[in-house]
Amino acid sequence: MEPILTWYREHRRDLPWRATSPWGVLVSEFMLQQTPVHRVLPQWQRWLELWPTPADLAAASLSDALREWGRLGYPRRAKRLYECAQVIVAEHGGAVPRSIEQLRKLPGIGEYTAAAISAFAFHQSEVVLDINIRRLYARCWAGVSEPKGSPNNSERMLARALIPVGDDGTWAAATMELGALICKARKPLCDQCPLSEICLWRATDYPLTSDEQRKVAKWHGSDRQCRGVIMHALRESELVSNAKLAALWSDSSQYEKAIASLLDDGLIEKRGKSYSLAR
Ligand code: SF4
């Protein structure tokens with residue numbers, strides 16, 4: 001698959017986590033789950049300045065981590081990352097472990113993230129299946145517009161078979177970049193794609209699957225938006241009264257539900273009649 005590697009050498013973005021420590025890679029992988037690159041960039045830089053090693057983050061407070069997560073969304077990831085730093089310090093002498101098995105045991109690290117850290121931080125040849133890579137494979141080799149559900153065994157086998165001999169993790173980075181920049185979910189740039197001559201989906205005139213009908217989750221007025229409003233207010237002040245927080249959201253039952261779920265997730269604390277970020 002030399003055309004993909006050649007394309008990558010010529011077009012790759014200069015992303016700072018491609019030339020950083022294993023810890024920097026790990027932090028980037030947490031942040032990039034569900035958040036686009038342009039929003040992660042400033043936050044990642046800030047985190048690495050504040051906490052250049054797992055020990056630095058482990059010595060901070062959870063509320064600092066939640067506050068510095070800013071508006072990246074899905075703040076459970078900040079809590080998991082904080083817990084991850086603590087386990088790395090307690091069980092791995094402060095160094096991100098190299099083996100997939102050990103990585104998988106860390107808080108917040110699943111199959112994809114462990115493989116990505118192994119490939120990008122330790123240059124191992126791994127089957128890395130993020131959504132960009134899966135979409136590229138689905139289109140080019142399976143002739144469908146989108147992958148379905150979670151990765152299955154046949155998808156993993158295809159992915160394993162495509163990795164070039166002697167790969168040092170570059171294949172994962174190259175296919176991820178090609179999926180993100182060229183084989184985009186909407187409006188793929190097929191005329192710039194190194195796979196345009198062999199792409200099955202293109203050759204069959206882009207048949208649509210039912211996945212195309214999928215609706216993007218509604219954000220405005222959602223529970224997630226309500227949680228985000230509360231978290232934002234608590235990042236701005238040490239302590240905010242329940243009355244003041246409740247005034248930020250018109251639907252009181254949705255507000256109560258959001259407060260309960262944030263308490264349940266261990267992201268906020270009740271202090272008298274007020275709330276703060278979890279400490
Ligand atoms: S030819 Fe188009 S659809 Fe096929 S892999 Fe390339 S960008 Fe994606």
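Me: Where does Leu 178 lie?
Reply: Leu 178 is a residue of helix α11; helices (H or I, at least four residues) and strands (E, at least two) are DSSP runs, numbered from the N terminus. Please note that this is a predicted model, in which local features need pLDDT of at least 70 and side-chain atom pairs count only at pLDDT 80 or more, while totals for chains, interfaces and linings use all residues. Residues are numbered from 1 along each chain as its sequence is written, and side-chain values use heavy atoms, with hydrogens and water left out.

Me: Is Leu 178 buried or exposed?
Reply: Leu 178 counts as buried because its relative accessibility is 0%. Buried means under 20% relative accessible area, exposed over 50%, and partly exposed in between (1.4 Å probe, protein chains only).

Me: What does Leu 178 touch?
Reply: Not counting residues up to four places away in sequence, Leu 178 touches Ile 4, Trp 7, Leu 136, Cys 183, Pro 194 and Leu 195. Contact means heavy atoms within 4.5 Å.

Me: Which residues of α11 meet α8?
Reply: Ala 172, Ala 173 and Met 176 in α11 meet Tyr 112, Ala 119 and Phe 120 in α8. By class, this contact of α8 with α11 has six nonpolar, no polar and no charged residues. Ala, Val, Leu, Ile, Met, Phe, Trp, Tyr, Cys and Pro count as nonpolar, Asp, Glu, Lys and Arg as charged, and the others, Gly among them, as polar.

Me: At what angle do α8 and α11 pack?
Reply: Helix α8 (residues 111–122) and helix α11 (residues 170–181) pack at an angle of about 115 degrees, and their axes are 8 Å apart. The axes are lines fitted to C-alpha atoms, for helices over the stretch in contact, and angles run from 0 to 180 degrees between N-to-C directions.

Me: Now the start of the chain. Where is Met 1, and what is it in contact with?
Reply: Met 1 belongs to the segment before α1 (2–11). Leaving aside neighbours within four places in sequence, Met 1 is in contact with Trp 141, Leu 162, Trp 171, Leu 195 and Ile 198. The C-alpha atoms of Met 1 and Trp 171 are separated by 9.1 Å, although the two are 170 residues apart along the chain. Met 1 counts as partly exposed because its relative accessibility is 36%.

Me: Changing topic, where does the ligand sit?
Reply: The ligand sits in the largest cavity. On a 1 Å grid over the protein atoms alone, a cavity is a set of points where a 1.4 Å probe fits but cannot get out. A molecule sits in a cavity if more than half of its atoms lie within 2 Å of its grid points.

Me: Which residues are around the ligand?
Reply: Around the ligand are Leu 136, Arg 139, Ile 182, Cys 183, Pro 188, Cys 190, Cys 193, Ser 196, Cys 199, Trp 201 and Arg 202, where near means one heavy atom within 4 Å. By class, this shell has eight nonpolar, one polar and two charged residues. Helices α9 (131–142) and α12 (200–203) each supply at least two residues of the shell.

Me: What is the phi of Lys 187?
Reply: Phi of Lys 187 is near 55 degrees, a positive value in a residue other than glycine. Lys 187 lies in the loop between α11 and α12 and counts as exposed because its relative accessibility is 72%.

Me: And what about Gln 34, where is its place?
Reply: Gln 34 is in the loop between α2 and α3 (37–50), and its phi, near 75 degrees, is a positive value in a residue other than glycine. Gln 34 counts as exposed, because its relative accessibility is 55%.

Me: Is Ser 28 buried or exposed?
Reply: Ser 28, in helix α2 (residues 22–32), counts as buried because its relative accessibility is 1%. Not counting residues up to four places away in sequence, Ser 28 touches Trp 17 and Trp 44.

Me: Last one: what is Glu 155 in contact with?
Reply: Leaving aside neighbours within four places in sequence, Glu 155 is in contact with Arg 134, Pro 147 and Ser 150. Glu 155 is found in helix α10 (residues 153–162) and counts as buried because its relative accessibility is 14%.

Notes:
1 Å grid on protein atoms, 1.4 Å probe; cavity = no way out; pocket = protein on both sides within 12 Å on 5 of 7 lines; lining within 4 Å.
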